[in-house]
Amino acid sequence: MTTPKPETDRTKKPTVLLVIGMAGSGKTTLMQRLNAHLHAEKKPPYVLNFDPAVANLPYTANIDIRDTVKYKEVMKQYNMGPNGGILTSLNLFTTKFDQVLNLVDKRAPNLDYVLVDTPGQIEVFTWSASGTIITEALAASYPTVVVYVVDTPRSASPATFISNMLYACSIMYKTKLPFILAFNKVDVKPHDFAVEWMTDFEAFQEAARQDTTYMASLTASMSLVLEEFYKTLRVAGLSAISGQGMDGFFQAVDEAVDEYWTEY
Ligand code: GDP
Ligand code: MG
């Protein structure tokens with residue numbers, strides 16, 4: 001993906017935080033936390049929800065896909081299951097994405113941040129044409145940072161950790177956007193093990209060796225592939241529930257925005 005750099009002065013451009021992650025990683029809860037944090041900082045963000053199937057939003061969205069498409073109606077109309085209904089809803093919404101951008105553009109001069117929530121199931125956004133179109137359109141207009149949310153407690157074994165990192169890596173290379181790994185739920189499990197595994201190759205190998213399944217050798221080899229990926233990304237540990245880690249997170253965002261302006 002190529003992301004043409006916006007031409008105007010960077011100080012007038014709000015930062016888009018595109019929140020992506022596996023189902024249940026805490027994307028929507030993090031949206032709520034970021035929204036509350038930015039309101040407290042007197043920098044109220046513009047908030048977009050692109051998950052057609054979320055039942056209850058814990059934050060108020062300025063633009064909500066559910067106002068445009070009802071995924072249950074789409075399921076009925078096209079005789080689809082839930083996955084097809086959700087994907088088709090996102091596709092229908094994307095055909096009107098120029099209108100969404102217009103609304104954002106109008107508000108942009110008075111904004112510091114635009115927050116974007118994505119569908120619960122990660123593939124709906126990352127492996128669909130719509131997700132690509134939305135991401136490219138945002139990144140062409142605004143400094144856009146991918147916030148990849150990791151369920152830290154569920155990534156605590158070498159095998160689940162490496163699967164999640166490979167997924168994150170594939171998204172980074174696909175979007176080619178500045179990237180933050182947000183290790184969420186540190187109130188349940190601190191993310192220091194992850195930082196150690198990402199910086200100390202031997203420590204990860206040792207942990208992988210303890211795993212006696214056939215996955216162990218695959219896991220160990222995969223970690224070699226990821227060394228380069230680890231070097232280029234930013235890491236923040238946080239809890240969307242307790243609010244810890246917000247300062248470190250926004251520091252990572254500032255660095256990511258600098259990267260957008262120097263490299264994209
Ligand atoms: P999404 O599918 O990625 O949008 O995930 P949700 O935001 O809906 O969260 C999934 C579950 O994880 C919910 O039960 C949340 O309460 C829980 N959750 C989210 N963030 C945290 C966190 O920081 N700590 C803990 N303990 N639970 C969290
Ligand atoms: Mg969600």
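The buried residues of helix H9 are covered by elements that include helix H8, strand E6 (179-184), helix H10 (201-210), helix H11 (215-232) and strand E7 (234-237), where contact means heavy atoms within 4.5 Å and where helices (H or I, at least four residues) and strands (E, at least two) are DSSP runs numbered from the N terminus. The model is a predicted one, in which local features need pLDDT of at least 70 and side-chain atom pairs count only at pLDDT 80 or more, whereas totals for chains, interfaces and linings use all residues. Residues are numbered from 1 along each chain as its sequence is written, and side-chain values use heavy atoms, with hydrogens and water left out.

Within H9 (residues 192-199), Phe193, Ala194, Trp197 and Met198 are buried, that is, under 20% relative accessible area with a 1.4 Å probe and protein chains only, while exposed means over 50% and partly exposed lies in between. Seen down the axis of H9, these buried residues fall within an arc of 130 degrees, so they line one face of the helix; the arc is that of the directions from the helix axis to the C-beta atoms. The face turned away from the buried side of H9 carries the exposed residues Asp192 and Thr199.

The largest nonpolar core has 57 residues, and Phe50, Phe97, Tyr148, Phe161, Phe179, Leu181 and Phe229 are those with the most contacts inside it; such a core is a set of buried Ala, Val, Leu, Ile, Met, Phe, Trp, Tyr and Cys residues joined through side-chain atoms within 4.5 Å. Helix H8 (residues 158-175) gives the most to this core, with 8 residues.

Note on methods. Chains are lettered from A and ligands numbered from 1 in the order in which they are written.
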